[in-house]
Amino acid sequence: MRFVDDLYALYKDQLTGDEDDAVIIVSGVLQELSRAELLELVSQLDRDELFQMVGRYLIDRLREKIDREGTGSPTIPEYGGEVH
């Protein structure tokens with residue numbers, strides 16, 4: 001994606017190789033973009049890029065929900081017997 005290439009070119013001399021670099025750069029840039037600008041970026045994605053983006057987002061949200069609400073683990077019987 002050209003946007004990623006442009007971000008890299010702009011910040012490559014400041015990168016340390018730490019994953020936090022990407023988080024800080026992307027967070028800062030996204031905060032400055034309007035909704036229309038964000039949608040324009042998304043419209044430039046090809047199908048595979050869009051699939052990856054939406055897939056990662058959905059997986060992340062599902063993991064957060066599972067962490068928050070649990071995984072539906074079995075209930076321990078009231079009689080105190082062993083659960084197998």
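This is a predicted model: local features need pLDDT of at least 70, side-chain atom pairs count only at pLDDT 80 or more; totals for chains, interfaces and linings use all residues.
Residues are numbered from 1 along each chain as its sequence is written. Local features need pLDDT of at least 70 and side-chain atom pairs pLDDT 80 or more, while totals for chains, interfaces and linings use all residues, and side-chain values rest on heavy atoms, without hydrogens or water.

The protein holds four helices and zero strands (DSSP runs, H or I of at least four residues for helices and E of at least two for strands), giving the pattern α-α-α-α along the sequence. Of its 84 residues, 7% are buried (under 20% relative accessible area; exposed is over 50%, partly exposed in between).

On the surface, Leu 50, Met 53, Val 54, Tyr 57 and Leu 58 form a nonpolar patch with about 440 Å² of accessible area together (residues with over 30% relative accessible area and no salt bridge, nonpolar side chains joined within 5 Å; a salt bridge is a Lys or Arg side-chain nitrogen within 4 Å of an Asp or Glu carboxyl oxygen). Val 54, in helix 4, is partly exposed because its relative accessibility is 36%.

The largest pocket holds about 1,000 Å³ of space (an open set of 1 Å grid points with protein on both sides within 12 Å along at least five of seven lines; lining residues have an atom within 4 Å of a point). Among its 25 lining residues, Val 4, Val 26, Leu 30, Met 53 and Arg 56 are the closest to the centre. Helix 1 (2-11), helix 2 (19-32), helix 3 (35-43) and helix 4 (47-69) each give two or more residues to this lining.

Conventions:
On a 1 Å grid over the protein atoms alone, a cavity is a set of points where a 1.4 Å probe fits but cannot get out, and a pocket is an open set with protein on both sides within 12 Å along at least five of seven lines; lining residues have an atom within 4 Å of a point. Grid points are joined across faces, edges and corners, and a volume is the space filled by probe spheres set on the points. Patches are made of residues with over 30% relative accessible area and no salt bridge: like charges are joined within 9 Å, nonpolar side chains (Val, Leu, Ile, Met, Phe, Trp, Tyr) within 5 Å. Accessible areas come from the Shrake-Rupley method with a 1.4 Å probe; for residues, only the protein chains shown count as cover. Buried means under 20% relative accessible area, exposed over 50%, partly exposed in between (1.4 Å probe, protein chains only).
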